[in-house]
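Here are a few exercises to work through with the model open beside you. Try each task before you read its solution.

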Amino acid sequence: MSYFNSGRSRFNGGRSKFGGNSGGPRRGGYSQGGGRRNGANKQYIDPSRFIKAAKQVEEEVYVPKHSFADFNINPLIKKNIEIKGFTTPSKIQDQAIPFGLDGKDVIGIANTGTGKTTAFALPVINQLMEYPQAKALILAPTRELAMQIEEECRSFAKGSGLRGALVIGGAPMYRQTRDLQNNPNIVIGTPGRLKDHFNRGNIDLSKFTIVVLDEVDRMVDMGFINDIRMLLGEVSEVRQSLFFSATMDAKIESLINTFMTEPVKVSVRTSATSDNVEQNVVHHTKNDKLEKLHDILSKEHVSKTLVFDETQRNVEKLSQELYNRGFSVESLHGGKSQGQRLRALKRFKNNEVTVLVATDVAARGIDVADITHVINYTTPNSYDDYTHRVGRAGRAGRKGYALTFVEKY
């Protein structure tokens, strides 16, 4: 079991056993793995792009070629899959897992919420169990996503004896150093914090023979491109690489051309934003913006809402305003301690609060299936950011709603 309160990373009761047998907010700058490293200029987005009707058509049913029982994986992993209740793989899992198990380099292009984590986690855990000398490195853009990946991998590896280390910003370096010194089979982390450990000599990347980049487009957008290039340049030249992303651009293609060998491309991406999310704008003036948000959140059908604001200071101010108005609300941003972020997410997931106000740190890495509404209280920096925000609603086939506040002049 892993514990991450106050940043602590413990596996199986204190030992670094990955597959063992079984307050007030704080303001400040973004910490590593928690937000945009390079302040990007905000792009103008035509408000018409924020308006889109949800398609009232039945979702096309994908018929997989495999079941999880069909995959050529270790029996222990199959047992853990059964315990999780997995039987039928999603489209990206069905098509990507066989290539990953064969040791091929894989490019996976898929929308958020399609099961990408399992698509790479199963092949990685299986390779680590089959080849004891193998070591895996998994990079993700945010702490929250890295922690979700760790949790998923741990569930598949339960009982395997594999050791792991989670290296993310906002957590004590010395505890992560201890875990890295225990020669973990798998290291999961954010690029900035991993680079810090590398520069301190805490990790020998040349020993890693499997590399996974999850949400590559987001890491590039957050300014991690140079860190990624440096880190990948240090891992073993003989390796398997698995890159997963929702979008593809020239920078990502350059990474692929530099660090992958004859990759297999699996693309199951559909539209730019979820077809089942009803999208619209809310016109406001400087004087009535908060009142309009209040009215929206008061509507009966608005049951679980993720509200995006631009800065940490604005998030704290808005969440306090909503609290004073009687809403059950939490805030989430990179200036909070890891323990505070975990508690906020847990309360939101468990419906202890119905409104979560966040910076874009939450656009990727929050996996909450029952979010009904995403509200862009401030417009995003780019349309890609908008896509990531909107993707938090309407998950698992549910209809969602996205509203973007646009000021009237």
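**Exercise 1.** Find which residue of strand 8 is the bridge partner of Gly108.

*Solution.* Start at Gly108: its bridge partner in strand 8 is Phe244. Next, step back to the strands, which are DSSP E runs of at least two residues, numbered from the N terminus. Strand 3 (residues 106-109) and strand 8 (residues 240-245) run parallel and are joined by four bridges; two strands count as paired if DSSP finds at least two bridges between them. By the way, this is a predicted model, where local features need pLDDT of at least 70, side-chain atom pairs count only at pLDDT 80 or more, and totals for chains, interfaces and linings use all residues. Numbering starts from 1 along each chain as its sequence is written, and side-chain values use heavy atoms, leaving out hydrogens and water.

**Exercise 2.** Work out the strand order of the open sheet of seven strands, then its edge strands.

*Solution.* The order reads 5-6-4-7-8-3-9, with parallel pairing. Now check the ends: strand 5 (164-167) and strand 9 (264-267) each pair on one side only, which makes them the edges. From one strand to the next, the twist averages 10 degrees.

**Exercise 3.** Find which residues of helix 12 are buried, and what covers them.

*Solution.* First, the helix (a DSSP H or I run of at least four residues) covers residues 338-349. Buried (under 20% relative accessible area, 1.4 Å probe, protein chains only) applies to Gln338, Gly339, Gln340, Arg341, Ala344, Leu345 and Phe348. Then look at the cover, which includes helix 4 (143-157) and strand 11 (305-308). Finally, just past helix 12, Asn351 has a positive phi of about 65 degrees.

How values were computed. The expected span of a helix is 1.5 Å times one less than its number of residues. Buried means under 20% relative accessible area, exposed over 50%, partly exposed in between (1.4 Å probe, protein chains only). Contact means heavy atoms within 4.5 Å. Axes are lines fitted to C-alpha atoms, for helices over the stretch in contact, and angles run from 0 to 180 degrees between N-to-C directions.
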